[in-house]
2 protein chains.
Amino acid sequence: MDAAQRHDDVIRIGALEIRAADGLVLAGGRALTLSVREFGLLVALARSGGGIVRREDLYERVWGGELRTGDRSIDVYIHKLRVKLEEALTDWRFIHTHVGFGYRFAPEPSHPFHNAATNR
Amino acid sequence: MDAAQRHDDVIRIGALEIRAADGLVLAGGRALTLSVREFGLLVALARSGGGIVRREDLYERVWGGELRTGDRSIDVYIHKLRVKLEEALTDWRFIHTHVGFGYRFAPEPSHPFHNAATNR
DNA sequence: CAGGTCTTTCACGACCTGTTCACGGCCGGG
DNA sequence: CCCGGCCGTGAACAGGTCGTGAAAGACCTG
């Protein structure tokens, strides 16, 4: 049950509670202050059931229209979201980058209990 | 609605779950971080039903085009995949080399027992 | 208008990737 | 033995992708 659980328009993931209808996000009970883009991005990610969402799809769902080559809006807002989430729920990481694929939303402890940092 | 949950695109082999559509691979529940080539190679292997895949075929399916003589890309990425799989699922070997023929994908315990006790 | 907030764009740098080399082990044939 | 083909593996390299801080626009509100 750490996976996304859709209940009408209330999404619960980890210590996050997203009320899509109200435009409200609770992190561990406290309300987050998000901008429109930040909120849209969060909802789009949270609704993807832990799968990887391609940047093109994210852009289309949140911004509408097609993602132009060179547009870095997504990166910037992913960053902003990460900062706010991290600020609210320390030692949890929600947004994971999959280079060349897109982003994945899932709660994972930020401390690597079994370090696997061997990239390459 | 979010088209994300498609069972026809999910391959399950041993403790591996490959969501070909999402570009996502779960090893024992945890998400694996693969590059595009690594993922393509894994999918190509996993879709071969445990049979041996010739290097020429692998190259054509993953890289596209013909395998040039002297090209060692496949070897390198087979290695990278092995490392990541092994790191995620110790004591299981998935990629088996058949010298002169190609590679075969199947979960086998890394410590070969000759007992009949081995189920599958 | 003036000030504040939200978005987009820019610039720089760190990290990631795919490819190619280089070296060495394994193995069967001469 | 020695050789040559085949494969494992570490490393170098060039280019691409992504993270991030800050500037430049847009927008909204009184």
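## Charges, strands and a DNA strand

B:Arg54 and B:Glu56 join their side chains in a salt bridge, with N and O 3.5 Å apart; the term asks for a side-chain nitrogen of Lys or Arg within 4 Å of a carboxyl oxygen of Asp or Glu. B:Arg54 is partly exposed at 41% relative accessible area, and B:Glu56 gets the partly exposed label at 38%. For those labels, buried is under 20% relative accessible area, exposed is over 50% and partly exposed is in between (1.4 Å probe, protein chains only).

A quick word on ground rules: this is a predicted model, where local features need pLDDT of at least 70 and side-chain atom pairs count only at pLDDT 80 or more, while totals for chains, interfaces and linings use all residues. Residues are numbered from 1 along each chain as its sequence is written, chains are lettered from A and ligands numbered from 1 in the order in which they are written, and side-chain values use heavy atoms, leaving out hydrogens and water.

Over all chains, the search of the whole structure turns up 20 salt bridges. Chain A has one between A:Glu56 and A:Arg54, at 3.4 Å from N to O. A:Glu56 is partly exposed, with 36% relative accessible area, and A:Arg54 is partly exposed too, with 42%.

Back in chain B, B:Asp22 and B:Arg19 pair up through their side chains at 3.9 Å, N to O. B:Asp22 is buried, its relative accessible area being 15%.

### The strands of chain B

Helices (H or I, at least four residues) and strands (E, at least two) are DSSP runs, numbered from the N terminus. Strands pair if DSSP finds at least two bridges between them.

What joins strand β1 of chain B to β2(B)? Four bridges do, and the two strands run antiparallel, with β1 spanning residues 10-13. Across that pairing, B:Arg12 stands opposite B:Glu17 in β2(B). The two strands make a hairpin with two residues between them, and B:Gly14 in the turn has a positive phi of about 60 degrees.

On its other pairing, β2(B) is joined by four bridges to strand β3 (residues 24-27) of chain B, again antiparallel. B:Arg19 sits opposite B:Leu24 in β3(B). This hairpin has four residues between the strands, and B:Gly23 takes a positive phi near 75 degrees.

Strand β2 of chain B (residues 16-19) is covered on both faces: B:Leu16 and B:Ile18 are buried on one side, and B:Glu17 and B:Arg19 are buried on the other.

Helix α1 (residues 36-46) of chain B holds B:Glu38. B:Glu38 counts as buried at 3% relative accessibility. The side chain of B:Glu38 reaches the backbone nitrogen of B:Ser35 at 2.7 Å.

### Rings

Rings of Phe, Tyr and Trp (its six-membered ring) pair if their centres lie within 6.5 Å, with planes under 30 degrees apart called stacked, over 60 edge-to-face and the rest tilted. By that rule there are seven aromatic pairs over all chains. A:Tyr59 and A:Trp63 make a stacked pair, 5.2 Å centre to centre with 5 degrees between the planes. Both A:Tyr59 and A:Trp63 are buried. Ring pairs also tie A:Tyr59, A:Trp63 and A:Tyr77 into a cluster.

In chain B, the charged end of B:Lys80 sits over the ring of B:Tyr77, 4.5 Å from its centre. Sitting over a ring takes NZ of Lys or CZ of Arg within 6 Å of the ring centre and within 35 degrees of the ring normal.

### Around DNA strand D

How many residues surround DNA strand D? There are 19, and the closest are A:Arg72, A:Arg82, A:Thr97, B:Arg72 and B:Thr97. Being near here takes a heavy atom within 4 Å. Of the DNA strand D atoms within 4 Å of the protein, 57% belong to sugar or phosphate and the rest to bases.

| Residue | Protein atom | Atom of DNA strand D | Distance |
|---|---|---|---|
| A:Arg72 | side-chain N or O | base oxygen | 2.4 Å |
| A:Arg82 | polar side-chain atom | phosphate oxygen | 2.7 Å |
| B:Gly100 | polar backbone atom | phosphate oxygen | 3.2 Å |

How values were computed: Polar contact = N/O pair within 3.5 Å; in protein donor to acceptor, adjacent residues only side chain to side chain.
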